[in-house]
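Trainee: I would like to learn how to read a protein model step by step, beginning with a single residue and ending with the whole chain. Could we look at one together?

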Amino acid sequence: MEIPYIVIDQLTPSQQQVWNTYFGDADRPRYIEEGIWRRTQEEATAGQSGWSGGDDARRRLIHYRYRYGLVPTTAAPAIGLTDLYLYHSVTAPADEITAHEDALRAALVVGGWQRTPGGASWMRRDLKCKITPYALHPQDAVARRKLPQNYRSLDVQITSAQYAPPPAVRQRPWDVLASGIRIKDQRGTPTLVPDLSVLADHLPFQVEIGCGTSVEAGIPPLHRLHEIYRVTDRQGADPREHRFVLSPASDPLLHEVLTEPEEKTAEFTEMFKACFLAEPTPAMHALKDLHDAGHLVGPVITNNFDVLAARAGLEECFMRRYDQAVPDVGWVDGAKALLVVGLHADRRKVQARARERGLKVVYLDPEGFWHDGQFKPYPLESPQDDDLVCRKPAEEGLPELVNLLAKSTD
């Protein structure tokens with residue numbers, strides 16, 4: 001596979017402007033795409049991990065970090081993947097790890113990879129693969145994590161040939177693992193409201209948005225990444241029922257990368273491509289209208305990396321940082337409510353801190369999604385007793401709010 005790997009060819013002048021304004025020279029490195037999944041087999045995750053006792057301690061870590069940049073072409077610049085980094089670590093019983101390593105070495109042969117001089121790694125054009133088995137993983141030794149005696153680990157690192165991940169990048173998934181599993185919120189009994197007119201009594205308000213607004217712009221939902229990186233088995237329509245992929249024998253991710261890297265890289269880059277090509281939606285324009293009218297104050301608090309709020313003319317407070325246990329939010333003195341739009345589990349601490357400040361927390365979320373022509377309930381996790389929930393999509397609820405508040409001030 002050749003690096004740079006072209007993701008979007010021959011940008012139009014307007015697309016070049018979008019890149020220069022919001023991606024290439026932005027206030028944060030939006031040309032970097034990064035994700036981490038940690039899946040562990042333990043009592044607290046028994047429902048999805050299959051844990052049944054102390055001898056079940058399988059673990060799987062996935063960390064990817066991609067850099068994108070402008071690539072000159074004969075006609076117009078393209079956006080290309082310029083650095084690729086994929087780290088995969090699995091811990092399981094020794095016989096499973098042995099079979100896993102054998103299968104990966106066979107996949108390297110099928111994919112046409114060649115051993116480097118000395119045999120420490122494998123090359124396929126501009127890609128490099130390194131496989132490292134451990135009787136005791138160094139990270140487990142440092143953290144004094146105790147695993148069953150017969151457990152072993154296998155690390156696989158796939159990079160573009162010219163990229164050497166710095167120590168901080170290599171350490172990041174292990175720091176995330178050490179932070180512990182996410183403890184789900186216990187939902188209270190919020191009050192259902194038919195629309196957002198209640199915000200008229202809590203002006204001005206701040207806003208926090210999640211991937212619901214991105215999905216409305218045609219960007220795949222988070223579970224598409226789970227599918228690409230084989231995070232769960234994807235059996236059943238309800239994401240809460242999907243089981244973790246923990247057994248190496250049932251994990252096809254590395255086989256797909258090693259045997260068909262070009263095809264798999266097309267999947268790896270599909271989310272970034274969708275984010276770049278998306279356009280601000282009616283919901284985003286409604287937020288801008290609310291901001292211009294003085295009803296919405298402060299930056300748009302978000303963990304989305306699609307830049308849609310900024311492209312609609314709003315300031316963003318971006319929080320998807322792995323070194324940020326408690327997100328730094330630009331709270332505005334005098335704000336009376338926090339409107340949470342299309343956001344399920346991530347960054348719930350923002351909502352908790354809003355309640356501590358005495359803000360009314362109001363949710364705009366349909367609490368479900370459409371699948372094969374059927375609406376599947378997907379309740380919010382974090383609403384509490386004094387919160388309000390409006391079960392409408394953002395593209396309906398936010399423009400409606402603009403009209404409601406405009407009428408109330410006439």
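Trainee: Is glycine 212 buried, partly exposed or exposed?

Mentor: Please keep in mind that this is a predicted model. A residue is called buried when its relative accessible area is under 20% and exposed when that area is over 50%, with partly exposed in between. Glycine 212 has a relative accessible area of 25%, so it counts as partly exposed.

Trainee: In which helix is glycine 212 found, and how many residues along the chain separate it from glutamate 395?

Mentor: Glycine 212 belongs to helix H6, which covers residues 211–216. Glutamate 395 is 183 residues apart from glycine 212 along the chain, while the C-alpha atoms of the two are separated by 9.6 Å.

Trainee: How should I read a strand, and how many residues of strand E8 are buried?

Mentor: The general idea is that in a regular strand the side chains alternate between the two faces of the sheet. Strand E8, residues 151–160, is mostly covered, for eight of its 10 residues are buried.

Trainee: In which sense do strands E4 and E7 pair with E8?

Mentor: Strand E4, residues 78–93, pairs with E8 in the antiparallel sense over nine bridges, and tyrosine 85 stands opposite threonine 159 in E8. Strand E7, residues 127–134, also pairs with E8 in the antiparallel sense, here over eight bridges, and leucine 127 stands opposite serine 160 in E8.

Trainee: Which strands form the open sheet, and is the pairing parallel or antiparallel?

Mentor: Seven strands form the open sheet, in the order E9-E17-E14-E13-E10-E11-E12, and their pairing is parallel. Strand E9 (191–192) and strand E12 (316–318) stand at the edges with a single partner strand each, so one side of each is left without a neighbour in the sheet. Within the sheet, strand E14 (residues 360–364) and strand E17 (residues 388–390) run parallel and are joined by three bridges, with valine 362 opposite leucine 388 in E17.

Trainee: How many helices and strands does the chain have, and why is it called as compact as a globular protein of that length?

Mentor: The chain has 14 helices and 17 strands. Its radius of gyration is 23 Å, close to the 22 Å that the globule rule gives for 410 residues, so the chain is as compact as a globular protein of that length. Of the 410 residues, 50% count as buried, and among the contacts with a separation of 6 or more, 73% are accounted for by residues 24 or more positions apart.

Definitions and conventions: Residues numbered from 1 in each chain as written. Predicted model: local features only at pLDDT ≥ 70, side-chain atom pairs only at ≥ 80, totals over all residues. Heavy atoms only, no water. Helix = DSSP H or I, 4+ residues; strand = E, 2+ residues; numbered from the N terminus. Rg over C-alpha atoms; globule rule 2.2 N^0.38 Å. Buried < 20%, exposed > 50% of the residue type's maximum accessible area, 1.4 Å probe, protein only. Contact = heavy atoms within 4.5 Å. Pairing = 2+ DSSP bridges.
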